[in-house]
Amino acid sequence: MKKLLFLIFAGLIWCNIGFAKTFFYSCIHEDQFQMIFKVDDRLKKIIHVSSYNTTAKKKYTVNEEYQVLEWGGDYVWITYTNDDGSRGLSYFDFKENLYLQSTINPSNSSDFIYHTRSYNCFVSS
């Protein structure tokens with residue numbers, strides 16, 4: 001009986017580890033600005049690895065871990081703070097392959113205080 005319970009317990013642990021995964025998620029805006037994220041499903045972490053501005057042909061190495069607010073089965077809510085002090089709230093939809101990003105900059109004196117963008121995404125290697 002103890003062996004049977006051990007085998008069931010070991011099988012459940014093995015199955016749980018088998019479904020956790022780490023992958024790169026590439027997201028592209030309609031203006032061709034690209035962002036690459038590393039998603040760790042087991043540790044519930046998302047790291048913004050890099051960005052690329054195709055117009056200026058400039059790559060940005062970011063390596064910033066985002067603060068996860070909620071991790072669902074097919075979605076993640078995160079928050080972040082930019083170098084200029086602006087703060088953002090983002091939503092990853094892994095089922096529909098979307099990344100929605102909203103940034104608020106209350107210290108900006110121009111009319112550009114609220115910024116929102118939508119990206120199409122795909123799993124990359």
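This is a predicted model: local features need pLDDT of at least 70, side-chain atom pairs count only at pLDDT 80 or more; totals for chains, interfaces and linings use all residues.

Asp31 is partly exposed, with a relative accessible area of 37%, where buried means under 20% relative accessible area, exposed over 50%, and partly exposed in between, using a 1.4 Å probe and protein chains only. The side chain of Asp31 meets that of Arg117 in a salt bridge, at 2.9 Å from N to O, and by salt bridge I mean a side-chain nitrogen of Lys or Arg within 4 Å of a carboxyl oxygen of Asp or Glu. The two residues come from distant parts of the chain, since Arg117 belongs to strand E9 and Asp31 to the loop between E1 and E2, 86 residues apart. Arg117, for its part, counts as buried, because its relative accessibility is 16%.

Residues are numbered from 1 along each chain as its sequence is written, and side-chain values use heavy atoms, with hydrogens and water left out.

How many salt bridges does the structure hold? There are three. One of them joins Lys44 to Asp41, with the closest N and O atoms 3.8 Å apart, and Lys44 is partly exposed, at a relative accessible area of 39%. Another is formed by the side chains of Lys45 and Glu65, at 4.0 Å from N to O. Because Lys45 lies in strand E3 (residues 45–53) and Glu65 in strand E4, that pair ties together parts that are 20 residues apart in sequence. Both ends are partly exposed, Lys45 with a relative accessible area of 27% and Glu65 at 47% relative accessibility.

Let me turn to the sheet. Nine strands form an open sheet in the order E4-E3-E2-E1-E9-E8-E7-E6-E5, with antiparallel pairing; helices (H or I, at least four residues) and strands (E, at least two) are DSSP runs numbered from the N terminus, and two strands pair if DSSP finds at least two bridges between them. At the edges are strand E4 (58–65) and strand E5 (67–71), each of which pairs on one side only. Neighbouring strands are turned by 20 degrees against each other on average, direction ignored; the axes here are lines fitted to C-alpha atoms, for helices over the stretch in contact, and angles run from 0 to 180 degrees between N-to-C directions.

Within that sheet, E1 and E2 pair in the antiparallel sense over seven bridges, and Phe23 has Val39 in E2 as its bridge partner. These two strands form a hairpin with four residues between them, and Gln32 in the turn has a positive phi of about 75 degrees. E1 is also joined to E9 by five bridges, again running antiparallel, and there Cys27 has Cys121 in E9 as its bridge partner. Further along, seven bridges join strand E7 (residues 87–93) to strand E8 (residues 98–104), with Ser90 standing opposite Gln101 in E8.

What about the aromatic side chains? The structure holds 13 aromatic pairs, where rings of Phe, Tyr and Trp (its six-membered ring) pair if their centres lie within 6.5 Å, and planes under 30 degrees apart count as stacked, over 60 as edge-to-face and the rest as tilted. Phe23 and Tyr25 make an edge-to-face pair, 6.1 Å centre to centre with 80 degrees between the planes, and both residues are buried. Trp77 and Tyr91 make a tilted pair, at 4.8 Å and 50 degrees, which links strand E6 to strand E7 across 14 residues. Trp77 counts as partly exposed because its relative accessibility is 34%.

Lastly, the core, a set of buried Ala, Val, Leu, Ile, Met, Phe, Trp, Tyr and Cys residues joined through side-chain atoms within 4.5 Å. The largest nonpolar core has 18 residues, and those touching the most other members are Tyr25, Phe37, Ile46, Tyr66, Phe92, Phe94 and Tyr99. E2 gives the most to this core, with four residues. Leaving aside residues up to four places away in sequence, Tyr66 touches several residues, including Met35, Phe37, Ile46 and Tyr99, contact meaning heavy atoms within 4.5 Å. Tyr66 also belongs to a cluster linked by ring pairs, among whose members are Phe23, Tyr25 and Tyr119.
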